[in-house]
Amino acid sequence: MSSEALSTTLFLIFVAATLGITFWASRNTKTAADYYAGGRSFSAAQNGMAIGGDYMSAASFLGIAGIIALSGYDGFLYSIGFLVAWLVALLLVAELMRNSGKFTMADVLAFRMSPRPVRTAAGVSTITVSIFYLLAQMVGAGALVGLLLGIDSPAGKALTIIGVGILMIVYVVFGGMKGTTWVQIVKAVLLMTGAALITLLVLMQFGFNLSGLLGEAAAESGKGAAFLEPGLKYGTEAQGLAGKIDLVSLGIALVLGTAGLPHILIRFYTVPTAKDARKSVIWGIGIIGVFYLLTLVLGFGAAALVGGKAITAADKAGNTAAPQLAKAIGDLMFGTVGGTILLAIIAAVAFATILAVVAGLTLASSSSFAHDLYAHVIKRGKVTEKEEVRVARISAFVIGAASIGLGILAQGQNVAFLVALAFAVAASGNLPAILFSLFWKRFNTAGAVSAIYGGLLSALILVIFSPVVSGSKTALFPGADFSWFPLQNPGIISIPLGFLFGWIGTRMSKEYNAAKYAEIEVRSLTGVGAEQATQH
Amino acid sequence: MTTKEHDASVYEQVQTSQDFQELKRRFRAWTFPMTAAFLVWYLLYVLLSGWARDFMGIKLFGNINVALVFGVLQFVSTFWIAWAYSRHAAKKLDPLADKLRHEVEEKQ
């Protein structure tokens with residue numbers, strides 16, 4: 001049996017199992033709380049695993065391992081930003097949000113403000129962030145599956161994107177939050193097991209001598225000790241000061257973006273109490289932290305055992321480093337049969353990873369459309385629960401279909417920057433509004449609206465006029481040059497602007513409701529009147 | 001809405017109560033300085049990665065250099081802060097929050 005056939009078989013088993021779960025979940029999804037929040041009845045450990053499954057995207061699994069394999073230490077910078085970011089969510093956001101919101105990020109913002117403008121702004125920003133992220137994952141799926149299954153034709157890649165898209169739509173439309181959460185839990189277990197297995201084998205190969213592994217990776221890379229130090233990819237000496245400021249900008253966007261990502265925020269609603277939300281984030285930090293330590297070994301292992309030349313020959317960005325390492329270590333230790341089996345396992349895990357993340361993104365954006373824009377803005381709250389869930393399912397279908405179309409059109413484009421952009425928009429537009437509304441007494445409607453639109457537009461405009469879009473060889477439009485902003489990542493400017501817009505907007509308006517602030521403050525800290533888990 | 005609409009004045013009474021002010025103080029006095037601390041600690045790491053590469057490249061044991069140890073220390077500090085917060089919350093925040101919640105629920 002070839003590796004392609006074996007990984008296809010493993011993947012089909014995953015698909016069959018998750019479709020079974022989705023069917024079961026659909027029979028238990030009756031109310032809006034079931035559809036949007038899984039009935040709020042997941043345990044802290046289950047939600048912690050789902051947080052890991054939602055967060056560890058193909059970009060962080062394959063992407064970071066690839067960056068480490070090709071550029072050494074700099075990939076680790078990404079892992080650290082992605083992990084430390086969870087402390088912002090743990091200390092400032094998760095519990096207070098669980099206590100004061102219902103289904104979406106906008107629930108917390110709309111609590112003490114004029115609901116329609118605030119929900120419109122939060123809905124627009126939620127959908128923008130989720131679509132950027134979704135598009136990056138869809139294009140990545142086409143490229144990755146193509147590489148792993150040996151499909152080179154654009155038609156084959158388009159078919160892959162359509163297949164991934166249809167599965168994601170089925171999970172979300174039929175399974176809602178319950179189905180999506182279980183897909184993410186299964187994926188987290190598979191991903192952790194797969195990564196741990198390969199890590200263990202690599203360490204065995206080097207006699208559990210980490211220093212030996214690093215030495216071999218550095219020697220094999222041809223860059224010597226510099227391979228183990230920061231500076232080969234981000235803020236290189238050749239890029240000068242702008243490159244180093246860009247490194248800081250990226251670091252800030254990573255650490256502040258997570259707590260503003262809508263598909264992460266809605267996970268806090270799936271547990272019965274704020275205490276469970278806290279415990280689930282701690283579970284998530286444990287899982288994600290261990291996972292990133294494993295990717296460090298995977299990345300350096302790939303550099304040592306596969307080598308940069310073989311990796312770039314398969315994929316220039318290094319995204320296939322982890323699967324190639326699986327093959328190499330299997331070949332070394334168990335012969336070609338072992339290599340074939342390990343490659344198939346890691347390829348199937350990579351598919352599962354993509355599916356779980358895109359399902360979470362589709363759910364977040366369709367929930368926000370149905371709950372914020374349709375039910376509260378268009379229908380002004382005069383809508384039945386049944387009708388709202390029906391609209392959520394239709395919008396999941398439409399968003400899924402649109403992302404399939406866009407994913408096919410954007411094939412072959414360099415869309416990796418979309419993930420960094422999603423983090424920058426989340427940190428610039430969403431985080432200031434969330435933190436101000438939880439902690440600043442004076443904050444009001446004008447402040448929330450200007451924080452969200454101001455942060456969102458600052459990040460977008462700076463990226464449009466950055467070297468990512470034009471004026472460089474790797475740009476989206478390499479032939480044109482209308483760039484004037486020197487940094488790839490806008491965070492260092494756009495995040496402070498988001499906070500500043502929020503502050504100015506608040507000061508310009510006299511609106512202030514002391515009674516409502518008392519309510520959100522008491523509710524968020526004590527859990528009075530928090531939404532309860534549904535009973536079946 | 002599955003929850004009851006509350007009389008806003010109840011919340012304003014609770015907000016000014018001594019117990020609630022103590023809960024808020026215990027929450028903010030721990031989380032705000034800790035947030036500032038881990039952000040500064042993280043930013044220090046990013047800045048050293050950009051501007052102190054000779055220092056980051058110093059080898060400590062075999063091929064393991066300062067950069068790697070510093071990076072792993074960010075993991076250690078993150079795990080430690082998560083653990084410390086869950087202890088602080090269970091000891092100092094949860095009992096007071098539960099007490100206040102019961103009091104408000106009885107008033108309704």
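Everything described here comes from a predicted model. H7(A) is also mostly covered, with 27 of its 35 residues buried.

What do the buried residues of H1(A) pack against? They pack against H7, helix H8 (154–205) and H14 of chain A. The buried set itself consists of A:Ser3, A:Ser7, A:Leu10, A:Phe11, A:Thr18, A:Ile21, A:Thr22 and A:Ala25.

H14(A) is another story. With 58 residues, a straight helix would reach 86 Å at 1.5 Å a residue, but the end C-alpha atoms of H14(A) are only 48 Å apart. Along the way, H14(A) bends by about 150° at A:Phe334. Like H7(A), which is mostly covered, H14(A) has most of its residues tucked away: 45 of 58 are buried.

Leaving aside residues up to four places away in sequence, A:Ala350 touches A:Ala58, A:Phe61, A:Leu62, A:Leu144, A:Leu148 and A:Pro323.

Most residues other than glycine have a negative phi. A:Arg40, however, has a positive phi, near 50°, and A:Arg380 likewise has a positive phi near 50°. Where do they sit? A:Arg40 is in the loop between helix H2 (32–37) and helix H3 (44–55) of chain A, while A:Arg380 is in the loop between H14 and helix H15 (385–409) of chain A. A:Arg380 is also the residue with positive phi that follows H14(A). Are these arginines buried or exposed? A:Arg40 has 23 other C-beta atoms within 10 Å, so this arginine is buried. A:Arg380 has 10 other C-beta atoms within 10 Å and is therefore exposed.

Helix H3 of chain A also holds A:Tyr55. This tyrosine counts as buried because there are 26 C-beta neighbours inside 10 Å. Not counting residues up to four places away in sequence, A:Tyr55 touches A:Ile264 and A:Ile288. As for A:Tyr55 and A:Lys327, they are 272 residues apart in sequence and 26 Å apart in space, C-alpha to C-alpha.

Chain B has its own build. There are four helices and two strands in this chain, and the order along the sequence is α-α-α-β-β-α. A compact globule of 108 residues would have a radius of gyration near 13 Å, whereas chain B comes out at 22 Å. Along the principal axes, the C-alpha atoms of chain B fill a box of roughly 65 × 30 × 25 Å. Of the 108 residues in chain B, 26% are buried. Among contacts in chain B with a separation of 6 or more, 59% join residues 24 or more positions apart.

Finally, how many residues does each chain bring to the contact between A and B? Chain A gives 45 residues and chain B gives 49. On the side of chain A that touches chain B, the elements giving two or more residues are helix H5 (74–100), helix H9 (210–221), helix H10 (240–257), helix H12 (274–305) and helix H19 (514–526). H5(A) supplies the largest share of that side, ten residues. By residue type, the side of chain A that touches chain B divides into 28 nonpolar, ten polar and seven charged residues.

Methods: Residues are numbered from 1 along each chain as its sequence is written. Chains are lettered from A and ligands numbered from 1 in the order in which they are written. This is a predicted model: local features need pLDDT of at least 70, side-chain atom pairs count only at pLDDT 80 or more; totals for chains, interfaces and linings use all residues. The radius of gyration is taken over C-alpha atoms; the globule rule is 2.2 Å times the number of residues to the power 0.38. A residue is buried if 20 or more other C-beta atoms lie within 10 Å of its own, exposed if 12 or fewer, and partly exposed in between; C-beta atoms are placed from the backbone. Two residues are in contact if their C-beta atoms, placed from the backbone, lie within 7 Å. Ala, Val, Leu, Ile, Met, Phe, Trp, Tyr, Cys and Pro count as nonpolar, Asp, Glu, Lys and Arg as charged, and the others, Gly among them, as polar. The expected span of a helix is 1.5 Å times one less than its number of residues. The bend at a residue is the angle between axes fitted to the seven residues ending there and the seven starting there.
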